[in-house]
Amino acid sequence: MAPQVEVMRRADVNRLYDEKVNRQRSRNTEREQPKRKRRMRQRWIERGMGLDLPFLLLVLVLVIIGMIMMFSASYPSAYYKLNDSYYYVRRQMVYAAIGIAAMLGISFFNYNKLHKFAFPMLIFSYVTLVVVLFLPGNVHRWIEIGPINIQASEIMKFAIILFFAHWCSLYYDKMQHARYSVWPGIIVFGITAILLVMEPHYSGIVITAILTVIMLYIGGMRVKYLVIGAVLLGIVIIGAWATGILTYAMQRMDGWGQALIYTTEEMWQTTWQTRNSLYSIGSGGLFGLGLGQSRQKYLYLPEPQNDFVFAIVCEELGFVGALIILLIFALLVWRGITLSLRAKDRFGKLLGIGLSSQIGVQVVLNVLVITDWLPNTGISLPFFSFGGSSLIMLLMQMGLILSISRTANIEKQ
């Protein structure tokens, strides 16, 4: 009997232990339930220490340098034309403050929620492009809301990237077929191009075309479709030129590549801005004339605070200073793409790469314009050129890249 009693006693001990463990597990489950509910409520917000400091610092450095150089380039024009040397920089500082606050706030946003806004955002961008057509003026690009001017094309650029990131991530396995790659590209870009021609805003068409190609290519579209599309686009451009639709664009191309060898009075007037841009770049030499020492900004170079601000950068900081700034831009684009590739989902990868590529595309095109390698088409330099809608939109987009980085780091932890 003794062995049986011992077995029963051990069984009772094990039963009591199992009951204790089950009670402990039950209490732990009850404690975790409120946390799960909180996570459910906070699914729009990503918390944690995933903020990428190098990327953030690169953005802030460019904003600060851009603010300094924009002020240096703009104060003579602001003084003589507006009787206020601080007019442009004061407004730009307000835009930068709003943009940085928005960037930091968006960095906590769950970017995956943008899936449901991809198509509505594209439609909204088309609405803004239509609205500007009914506003007064020969060139329709801005929507004035009180003291704020919103450039419709800035919304459009983001909408294009967001839509194709959504579309390509949704149909990634089918992007080899024309139905899911070629036709969406033609429809979206075609509508956008038509609306931009009506403004007219040809630099916006160029940027949109490049961004569309980038997004479709990284989204899985076959290269042969891109080649065929390029050929068809070339045919359309030739047809538009032959029918006179591109008259405004042809006027902007007058004197292209001949700014320093003008032969007529009309060409001298047409190439005035580009020629003074080249004077600014050439005057800077290797190390520049010094911060604030530009001569071309004293009413020689028209609107130096806008698309041609980098010419003043070259004049005051020289080749070395300009090269350092371009290097910072390159680091920003590289870091943005690197962070995007760490995303756990294809949508995050495509969205981050597209937003980073936009910065690189605009920088390259702006430098080509001010050096007369491209016609003067009005392409702003990110974080440097004066403009509220451009600066705020760019900083908000940088916030999305920080959100992608934050989410990837949280999941990695």
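This is a predicted model: local features need pLDDT of at least 70, side-chain atom pairs count only at pLDDT 80 or more; totals for chains, interfaces and linings use all residues.

Q: How are two packed helices described, and at what angle do the axes of H5 and H6 cross?

A: Two packed helices are described by the angle between their axes and by the distance between those axes. Here the axes of helix H5 (residues 152–170) and helix H6 (residues 178–198) cross at roughly 170 degrees and come within 12 Å. Because angles over 145 degrees count as roughly antiparallel, H5 is roughly antiparallel to H6.

Q: Which residues make the contact between H5 and H6?

A: An α-helix has 3.6 residues a turn, so residues three or four places apart point the same way. On the H5 side the contact is made by Met-156, Ile-160, Phe-163, Phe-164 and Trp-167. On the H6 side, the residues are Tyr-180, Pro-184, Gly-185, Val-188, Thr-192 and Leu-196. Nine residues of this contact are nonpolar, two are polar and none is charged.

Q: Which residues do ring pairs link into a cluster?

A: Phe-163, Phe-164, Trp-167, Tyr-171 and Tyr-180 are linked in this way.

Q: What span should helix H13 have, going by its number of residues?

A: H13 (residues 346–370) has 25 residues, and at 1.5 Å a residue it should span 36 Å. Its end C-alpha atoms are 36 Å apart, which agrees.

Q: Is H13 largely enclosed or largely open?

A: A residue is buried if its relative accessible area is under 20%. In H13, 21 of the 25 residues are buried, so the helix is largely enclosed by the rest of the structure. Just after H13, Asp-372 has a positive phi of about 70 degrees.

Q: How many aromatic pairs does the structure hold?

A: There are 13 aromatic pairs in the structure. One of them is formed by Tyr-79 and Tyr-80 and is edge-to-face, with 5.3 Å centre to centre and 75 degrees between the planes. Tyr-79 is partly exposed at 45% relative accessibility, and Tyr-80 is exposed, at 52%.

Q: Why is the pair of Phe-329 and Phe-383 called stacked?

A: Planes under 30 degrees apart count as stacked. The planes of Phe-329 and Phe-383 lie at 20 degrees, with ring centres 6.5 Å apart, so this pair is stacked. The pair links distant parts of the chain, 54 residues apart: Phe-329 is in helix H12 (residues 309–341), and Phe-383 is in the loop between H13 and helix H14 (388–412).

Terms used:
Residues are numbered from 1 along each chain as its sequence is written. Side-chain values use heavy atoms; hydrogens and water are left out. Axes are lines fitted to C-alpha atoms, for helices over the stretch in contact, and angles run from 0 to 180 degrees between N-to-C directions. Helices (H or I, at least four residues) and strands (E, at least two) are DSSP runs, numbered from the N terminus. Angles under 35 degrees count as roughly parallel, over 145 as roughly antiparallel, 65 to 115 as roughly perpendicular and the rest as oblique. Contact means heavy atoms within 4.5 Å. Ala, Val, Leu, Ile, Met, Phe, Trp, Tyr, Cys and Pro count as nonpolar, Asp, Glu, Lys and Arg as charged, and the others, Gly among them, as polar. The expected span of a helix is 1.5 Å times one less than its number of residues. Buried means under 20% relative accessible area, exposed over 50%, partly exposed in between (1.4 Å probe, protein chains only). Rings of Phe, Tyr and Trp (its six-membered ring) pair if their centres lie within 6.5 Å; planes under 30 degrees apart count as stacked, over 60 as edge-to-face and the rest as tilted.
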